[in-house]
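I opened this notebook to record what I looked up in a structure that was new to me. The entries below follow the order in which I went through it.

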Amino acid sequence: MNDIDKMIADINSEVFYTRKMIGRDSLAKRVIDAMRAVPRDKFVPDNLKPFAFDNGPLSIGHAQTISQPYIVALMTDLLNPDKNDVVLEVGTGSGYQTAVLSCLVKKVYSMEFIEELSEAATARLKSIGYHNIETCTGNGHNGWPEYAPYDGIIVTAAASHIPEALVEQLKPGGRLAIPIGLPGFHQELMVVEKDQKGETQVNSVLDVAFVPLVND
Ligand code: SAH
């Protein structure tokens with residue numbers, strides 16, 4: 001088994017192990033295919049490359065992390081991404097989740113608060129050859145209104161509450177996946193679904209541990 005096969009097997013077994021909480025015992029094949037296609041080793045610092053395909057988070061500097069592959073796959077699956085979708089990511093970090101989404105949708109907008117991470121991820125994504133991504137350095141707490149509304153919004157840092165601006169920037173039928181809770185305390189991955197009438201429903205999916213969303 002090569003490194004990527006092992007990472008995919010680890011994701012699949014963690015999905016199965018957590019099936020009662022996450023309400024599914026497998027993820028969409030196209031999500032798994034995207035996880036297989038994105039070279040995670042290109043998104044981690046050189047000294048951590050030996051661990052690039054481990055099913056765990058890794059440090060990317062600036063006290064931030066590239067998320068665990070299982071969590072990236074699960075959050076992607078929770079958005080139910082379609083090839084015609086336009087999605088927003090808050091928290092570009094390494095750009096890994098951005099790349100996974102870019103394989104699955106029409107356009108990904110991604111915002112990162114820390115300038116050095118934003119610039120490094122933008123250069124990395126361009127050099128690997130992803131063309132349907134637009135990034136910016138900035139605070140994503142209030143979303144990116146210019147390109148709203150979005151079919152899906154994914155937040156990869158924990159907020160104390162669901163930001164109203166992000167819910168407003170969802171299309172009818174759209175979904176927001178966001179970890180809610182205080183750092184070091186209980187956090188839950190939540191999914192907000194907006195129906196065709198614009199009414200929202202919030203579901204808790206799983207206990208998680210994310211870095212905090214800044215300017216929350
Ligand atoms: N998706 C990333 C996860 C990075 S960790 C990856 O797979 O690599 C979360 C990121 O969110 C950090 O880089 C952090 O700087 C960023 N972040 C935190 N608060 C933010 C905010 N308000 N706006 C934009 N980015 C934010």
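**Entry 1: the largest pocket**

I began with the pockets of this predicted model, and I noted that the largest pocket has a volume of about 590 Å³. Its lining is made up of 39 residues, and I wrote down Thr65, Thr156, Ala157, Phe210 and Val211 as the ones closest to the centre of the pocket. I then looked up which elements give two or more residues to this lining, and found strand S2 (64-66), helix H4 (69-78), strand S3 (86-90), helix H5 (96-102), strand S4 (107-112) and strand S9 (200-208). Sorting the lining of the largest pocket by class, I have 21 nonpolar residues, 14 polar ones and four charged ones.

**Entry 2: the nonpolar cores**

Next I turned to the largest nonpolar core, which holds 48 residues, and listed Ile11, Met35, Phe43, Leu74, Tyr96, Val100 and Leu206 as those that touch the most other members. The elements that give two or more residues to this core are helix H1 (3-17), helix H3 (29-37), strand S1 (58-61), H4, H5, helix H6 (115-128), strand S8 (187-194) and S9. Of these, H4 supplies the largest share, with seven residues. I also recorded a second, separate core of 21 residues, which has Val86, Trp144, Leu170 and Leu213 among its members.

**Entry 3: helix H4**

How many residues of H4 are buried? I found that 10 of its 10 residues are buried, and I therefore noted the helix as mostly covered, with buried taken as under 20% relative accessible area. The buried residues of H4 include Pro69, Tyr70, Val72, Leu74 and Asp77. After the helix comes Asn80, and for this residue I wrote down a positive phi, near 55°.

I picked out Ile11, which is found in helix H1, and asked why it counts as buried. The reason is that Ile11 has 0% relative accessibility, so it counts as buried. Leaving out residues up to four places away in sequence, I list Leu27, Ile32, Met35, Asn55, Pro69, Tyr70 and Ala73 as the residues that Ile11 touches. For one of these, Leu27, I also looked up the spacing: it lies 16 residues from Ile11 along the chain, and the C-alpha atoms of the two are separated by 9.3 Å.

Notes: Residues are numbered from 1 along each chain as its sequence is written. This is a predicted model: local features need pLDDT of at least 70, side-chain atom pairs count only at pLDDT 80 or more; totals for chains, interfaces and linings use all residues. Side-chain values use heavy atoms; hydrogens and water are left out. On a 1 Å grid over the protein atoms alone, a cavity is a set of points where a 1.4 Å probe fits but cannot get out, and a pocket is an open set with protein on both sides within 12 Å along at least five of seven lines; lining residues have an atom within 4 Å of a point. Grid points are joined across faces, edges and corners, and a volume is the space filled by probe spheres set on the points. Helices (H or I, at least four residues) and strands (E, at least two) are DSSP runs, numbered from the N terminus. Ala, Val, Leu, Ile, Met, Phe, Trp, Tyr, Cys and Pro count as nonpolar, Asp, Glu, Lys and Arg as charged, and the others, Gly among them, as polar. A nonpolar core is a set of buried Ala, Val, Leu, Ile, Met, Phe, Trp, Tyr and Cys residues joined through side-chain atoms within 4.5 Å. Buried means under 20% relative accessible area, exposed over 50%, partly exposed in between (1.4 Å probe, protein chains only). Contact means heavy atoms within 4.5 Å.
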